[in-house]
Protein chains: 2
Amino acid sequence: MNGESTGSVTSGHGSGGRLTQQLTRSILAHFEMAGFETPDKISKFEMEDCAFIGDDAGASDMAVTMDGFTVSPHDFPGGNIGKLAVCGVANDLAVRGVEPLYLTLSLIIEEGLDFAVLDRYMKSSAHTAREGGMRLIAGDTKVVPHGMADKIFIAACAMGKRASRQVLGTGNLREGDILILSTSPGRHGAALAAARFDLDAPGLVSDCALLWPTLKPLLRFDGLRCMRDCTRGGLGTVLCEWAEAASVGVEIAETSIPVSVETNSICDILGFDPLYLASEGCALVAVAPEQAKDCLSLLRQNPISGDAAIIGRVVPDHPRMVGMRTRIGGLRYVDMPVGEILPRIC
Amino acid sequence: MNGESTGSVTSGHGSGGRLTQQLTRSILAHFEMAGFETPDKISKFEMEDCAFIGDDAGASDMAVTMDGFTVSPHDFPGGNIGKLAVCGVANDLAVRGVEPLYLTLSLIIEEGLDFAVLDRYMKSSAHTAREGGMRLIAGDTKVVPHGMADKIFIAACAMGKRASRQVLGTGNLREGDILILSTSPGRHGAALAAARFDLDAPGLVSDCALLWPTLKPLLRFDGLRCMRDCTRGGLGTVLCEWAEAASVGVEIAETSIPVSVETNSICDILGFDPLYLASEGCALVAVAPEQAKDCLSLLRQNPISGDAAIIGRVVPDHPRMVGMRTRIGGLRYVDMPVGEILPRIC
């Protein structure tokens, strides 16, 4: 698209990394060209996890997010596509300080799907919504002939109200900010990889969970800058997006990232980098240095983020780039993945 | 589901008719059982085209709707899946007196889709959104391997603000209300059928269009009861849903329904009943008898509803049922379709 129009979509465009960014930008360009955004506003499509609905003054505190879910396998240790869909959109609100309140679901079902399977997924969606205090308010079902979809795809939309005083976003990032990771990253991707390649991985469970309960208490900090859940593309992609969006340098320490033994084993076997493996219940949090300790303590009070850790900070060096201090003391630059390491993880 | 759990989903469950109703109810049951709605509220899941977001007092006038689009072929006379997705959700708001303002899109793309094709669909979405005054505020793209989807599926969500004084809905229907159809029904379904079965059908174009411009002027009538766009399942399904939801009898006259010559030809060839063919730019409108004439005149001022016609009324007889006076004077009861007459029309 935009000069690429002779090519075709590859699995890499679904990676969440560099190609996904290109694909998204080329789609948004059509909406910009249709006359909505003036040229100098093109960069203003907020590349955040959810959007605030508002008049031009941005007065509203209602926020909306939408995601499609095509995860394979549909059932995995720690969840299924029904639970994942609700956690996925709820977390996109939570990381922007928005309390998830409403849910809509659109199901695309392959003809022949067992009712018992559909029942199981919808039960998971319903229980997760209930747990998260969200009400289902609209939905749709479509059925396509056998072979035209893979069992079931779910698109979900979540809406909620801003509970944070400040609007959280990458625009708030500044030098000295401390980066806290809420839990060990990549467990969702690792669990899916193990399931897909039929690897024996005792104790490896997806981190798929609702983030609002553990992130809500952080909203008391006026030094809270922004948060992001490390889904498709993993922690590495989030770090790169932040550095680029805020034009700041980011430095992390490899040894401080609390990668679990189980995730490390899967990465060793399959040659994956845990930095790029997806999480579905893990948030990166940026906070002012003087509030970092209290922020960390609060996170550690909730079992789903009991292993939260400070992993890095915003630095004056190498703007728009992410550097990682390696185990042996070197500085490795972290970039977004270009291709797809593990398709259909969400 | 609910006693059916040993079966599987059939194409009939995607028809928009009786089986879709059953499928939807069984999914909603999970959300009800998860504890959101008390048993006596089970019937309160509003079976309308969009939902108003509000506190328990229902104070809000923001409305939301969501739909999945799997239309085949993706290009058809009068539109494509990109235009259809935007019209579809915008119209679901429009028929409830809600001005469409915001749009979100979730794309599920099959690996290998040409960028040029994706470009064409997104350009259509963008132009339709622009025409309808809607801003794209969020979106998502997923890519699935070749053979796991049919080119592209789109889920769309639309949000807007209520512009009508009264909340429009089937609960307002009462004896004597006049039913007006905004244009000749079934042209979308007929155009798709012609394309799919490779029939020569000169002049047959989908009615796919934004309804807000022609429905907005009707909001001045305090006797306006409810409106519905006659999509999947067609006019016949909407009539049945209204009769059942409001526990009223409905009577229509076969000769008054402005079915086009082209649609009739397709129905003759394929054995379809135009009552059940989908429209994507045709609304059924219920209005108090004393305002019916003015309402009809206003509709006819807009070219997309220039052939609007009074087709029936709400009657004291046969509550919850729809009777149609046939050409030869008999009364035929109209029921929802049970199976699927034409899969993937939207």
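Colleague: Which residue takes a positive phi in the hairpin of β13(A) and β14(A)?

Modeller: A:Gly329 does, with phi near 100°, and five residues lie between the strands of that hairpin. The model is predicted: local features need pLDDT of at least 70 and side-chain atom pairs count only at pLDDT 80 or more, while totals for chains, interfaces and linings use all residues. Residues are numbered from 1 along each chain as its sequence is written, with chains lettered from A and ligands numbered from 1 in the order in which they are written. Helices (H or I, at least four residues) and strands (E, at least two) are DSSP runs, numbered from the N terminus.

Colleague: How many bridges join β13(A) to β14(A)?

Modeller: Four, between residues 322–325 and residues 331–334, and the two strands run antiparallel. Strands pair if DSSP finds at least two bridges between them. Opposite A:Met324 stands A:Arg332 of β14(A).

Colleague: Changing topic, in what order do the five strands of the open sheet in chain A come?

Modeller: The order is β1-β2-β7-β5-β6, with mixed pairing. β1 and β6 of chain A are the edge strands, each pairing on one side only. On average, neighbouring strands in this sheet are turned by 20° against each other, direction ignored.

Colleague: And which way do β1(A) and β2(A) run, parallel or antiparallel?

Modeller: Antiparallel, joined by three bridges. A:Ala51 has A:Val64 of β2(A) opposite it.

Colleague: Which strands does α2(A) lie across?

Modeller: Helix α2 (residues 81–94) lies across β2, β5 and β7 of chain A, at about 30° to β7(A). Another helix, α3(A), packs on the sheet as well, touching β5, β6 and β7 of chain A, and its direction makes about 170° with that of β5(A). Axes are lines fitted to C-alpha atoms, for helices over the stretch in contact, and angles run from 0 to 180 degrees between N-to-C directions.

Colleague: What rotation superposes chain A on chain B?

Modeller: A rotation of 180°, with 0.0 Å of shift along the axis and an RMSD of 0.0 Å. That is how a two-fold axis relates copies. A:Ala149 has the C-alpha nearest the axis in chain A, 2.2 Å from it. The superposition is by least squares on C-alpha atoms of residues with pLDDT of at least 70 in both copies.

Colleague: How many residues are in contact between the two chains?

Modeller: 69 residues of chain A with 68 residues of chain B, where contact puts C-beta atoms, placed from the backbone, within 7 Å. Elements giving two or more residues to the chain A side include α1 (18–33), β5 (98–110) and α3 (115–131).

Colleague: Back to helices: which residues of α8(A) are buried?

Modeller: A:Ala292, A:Cys295 and A:Leu299, in a helix spanning residues 292–300. A residue is buried if 20 or more other C-beta atoms, placed from the backbone, lie within 10 Å of its own, exposed if 12 or fewer, and partly exposed in between. The cover over these residues includes β8 (178–181), α5 (212–215), β11 (283–287) and β12 (309–315) of chain A.

Colleague: Last one, in chain B: why does B:Ile252 count as buried?

Modeller: Because B:Ile252 has 23 C-beta neighbours inside 10 Å. B:Ile252 is in strand β10 (residues 249–253) of chain B. Leaving out residues up to four places away in sequence, B:Ile252 touches B:Leu179, B:Leu239, B:Ile257, B:Ile311, B:Gly312 and B:Met324.
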